[in-house]
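Visitor: Could you walk me through the strands and the charged pairs here?
Guide: Gladly, let's look together.

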Amino acid sequence: MKKLQSTFAILTSVCLFVLIAHSALAQFSVGINGSVASSDVEGSETFYGGGLNAKIFPTSNFAIGLGIKAFGESRKFSAAGQTLEYSAGIIPITALVDYYFTDGFLRPYVGAEVGVYAVASSIKFNGQESSKVNSTNGGVAPKIGLLLAIGNLGIFAEGAYNIIFGNKDGNANVGGLNNVNFDKTSKFFTVNVGLQIGIPGGK
């Protein structure tokens, strides 16, 4: 975990360096979004979440930054006087890169987010917790979206395909980038809609 924390400290430092080095041109931006998610597991239900991001625009067409999202689902089953409750949460903490094809009113873009996915799940039987699992895994989310620019305010909608990798040593925590198992994955698709405050002005 220390290696992973060091990696994110380096990414944060890079973002700050770019902001300082391009202080005359760079635009700082923050965003908030709501999300709808769906797993690739057959029979799974839609779940919901939201997120925050902070970006730096060195140019009007390019942004780098950091983001955090949270998704959660909860289900309850009852039969013959017995109840089973299942709850799960996913928190991706990622570095992000976005490229905007235009800098006008309509701004289609592509991007990617790379980082750590913290996953927690629990099962309760008749109100008593019978199982609880917490883990961290490396993950990536390529995405495509459209931003509508109104002054320095942006309204965006994007689709992202989240891929969570397994851990080579079977441990619940990824520990470091050398422990990522790219052959074992779980996936879910998200649609994110939100506001981006502080975008570069168009021509």
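**Strands and salt bridges**

Guide: Strand β2 (residues 47–59) pairs with β3 in the antiparallel sense over ten bridges. Strands and helices here are DSSP runs (E of at least two residues for strands, H or I of at least four for helices), numbered from the N terminus, and two strands pair if DSSP finds at least two bridges between them. The model is predicted: local features need pLDDT of at least 70, side-chain atom pairs count only at pLDDT 80 or more, and totals for chains, interfaces and linings use all residues. Residues are numbered from 1 along each chain as its sequence is written, and side-chain values use heavy atoms, with hydrogens and water left out.

Visitor: How many bridges join β3 to strand β4?
Guide: β3 and β4 (residues 82–100) run antiparallel. S74 stands opposite S87 in β4. Their hairpin has two residues between the strands, and A80 takes a positive phi near 50° there. The number of bridges joining β3 to β4 is 16.

Visitor: Now the charges. How many salt bridges does the structure hold?
Guide: A salt bridge here is a side-chain nitrogen of Lys or Arg within 4 Å of a carboxyl oxygen of Asp or Glu. By that definition, the count for the structure is five.

Visitor: How far apart in sequence are the parts that K69 and E113 tie together?
Guide: K69 forms a salt bridge with E113, with the closest N and O atoms 3.2 Å apart. K69 lies in strand β3 (residues 62–79) and E113 in strand β5 (residues 106–125), so the parts tied together are separated in sequence by 44 residues.

Visitor: Are K69 and E113 buried or exposed?
Guide: Buried means under 20% relative accessible area, exposed means over 50%, and partly exposed is in between (1.4 Å probe, protein chains only). By that scale, both K69 and E113 are buried.

Visitor: Which residues are linked in a network of salt bridges?
Guide: E158 forms a salt bridge with K143, the closest N and O atoms being 3.9 Å apart. E158 lies in strand β7 (residues 153–167) and K143 in strand β6, so this pair ties together parts 15 residues apart in sequence. The linked residues are K55, K69, D98, E113, K143 and E158.
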